[in-house]
Amino acid sequence: MADVHQIPVTVLTGYLGAGKTTLLNRVLTENHGKKYAVIVNEFGEIGIDNDLVVGADEEVFEMNNGCICCTVRGDLIRIIAGLLKRRDKFDAILVETTGLADPAPVAQTFFTDEDVRKKTKLDSIVTVVDALHIDQRLADSAEAKEQIAFADIVLLNKTDLVDRETLKNVEARVRGLNPFATIYHTARADVDLDKILDRGSFDLARILEHDPCFLHGHAFDPTHNHSHDHDHHDHGHGHDHGHDHHGHDHGRDHHGHDHHNHDAVNPVHDAEIRSISLTTDTPLNEQKFDTWIGEVLRTKGQDLLRAKGILNMSGKGERFVFQAVHMVSEGNYTGPWPAKDKRRSRLVFIGRKIDPKVEAELKAGFEACAA
């Protein structure tokens with residue numbers, strides 16, 4: 001279970017030109033009252049003026065607003081270890097993946113390194129999407145698809161540059177790649193930072209406390225002004241045989257309204273990346289599930305971008321939450337089932353090469369885990 005002293009870490013990804021620099025400049029320069037440590041590949045890439053830098057200590061720079069900026073010229077784990085020595089200087093960490101293309105290696109760091117795992121928690125994967133150019137990016141870049149598929153939160157940016165019909169179509173494509181991510185509309189990455197940072201969006205157990213139906217996915221409203229947020233949900237998460245996990249919160253617009261059932265958009269499914277959802281009312285045998293999912297991740301993990309689930313294990317009074325990023329996984333028991341929540345198992349995979357044959361194999365294997 002997460003330690004209350006663990007530092008929340010947000011992974012920020014998105015294709016070139018999507019608007020990550022704009023968002024990072026806001027984090028490092030605005031007087032938002034919070035202190036973030038922002039890890040970027042090269043300090044110069046985010047275009048911070050020298051007079052905004054208070055002081056430099058090796059690869060770490062303190063900004064006028066109290067935030068810290070540091071550069072990754074070496075190992076991410078080493079950078080994080082250095083930041084942890086100045087733990088009192090910041091409240092949370094933001095890791096920007098420019099040049100890394102695939103967010104998976106960064107996310108996996110927070111599962112696989114024991115010290116990092118104890119002292120930090122992966123809070124969410126945030127993907128910035130350029131609403132104007134995303135169709136072109138999806139046509140010519142597998143990385144652009146994977147960045148969306150990995151996301152817990154998607155900032156659909158530059159919405160002021162497209163008309164309503166285009167925006168609706170773009171959302172449908174994003175939703176086809178990732179039915180469960182929270183989506184916010186922004187013009188210049190102008191989302192409240194507390195909507196995307198320290199949200200617990202990678203914590204399935206926390207999300208389910210707010211929305212027991214989260215794993216079923218929801219429709220959303222594409223017609224609201226870009227300043228409204230559209231929360232949708234990512235679900236479950238894999239599990240490693242060093243079980244642990246994370247959660248995520250889902251959004252509402254600033255009038256407090258959910259966007260589940262107004263003017264719903266049908267997802268436009270991608271030929272390469274698909275998601276499938278498996279459910280069963282029959283309790284599972286934990287050993288059977290462990291063996292099966294271990295084999296699935298061993299043989300198909302390269303193509304499975306994310307796996308997430310909440311499971312009803314036979315003889316256990318608590319929910320078992322599972323999540324995986326490629327072949328790295330984890331899971332544990334997170335507390336009793338809420339009285340209002342039916343005790344059923346739900347498991348979701350998002351990945352490549354999930355054709356009907358693979359889908360049938362996964363379904364059969366999951367059902368064979370019954371106690």
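Helix H9, residues 286-300, packs against helix H10, residues 356-367, at an angle of about 160°, and their axes lie 10 Å apart. That makes H9 roughly antiparallel to H10, a label for angles over 145 degrees. Axes here are lines fitted to C-alpha atoms over the stretch in contact, with angles from 0 to 180 degrees between N-to-C directions; helices are DSSP runs (H or I) of at least four residues, strands (E) of at least two.

This is a predicted model, in which local features need pLDDT of at least 70 and side-chain atom pairs count only at pLDDT 80 or more, while totals for chains, interfaces and linings use all residues. Residues are numbered from 1 along each chain as its sequence is written, and side-chain values use heavy atoms, without hydrogens or water.

Turning to salt bridges (a side-chain nitrogen of Lys or Arg within 4 Å of a carboxyl oxygen of Asp or Glu), the whole structure holds 17. In one of them, Glu146 pairs with Arg352, the closest N and O atoms being 1.9 Å apart. Glu146 belongs to helix H6 and Arg352 to strand E15, so the pair ties together parts 206 residues apart in sequence. Glu146 is buried at 11% relative accessible area, as is Arg352 at 16%; buried means under 20%, exposed over 50% and partly exposed in between, with a 1.4 Å probe and protein chains only.

Terms used
Parallel < 35°, antiparallel > 145°, perpendicular 65-115°, else oblique.
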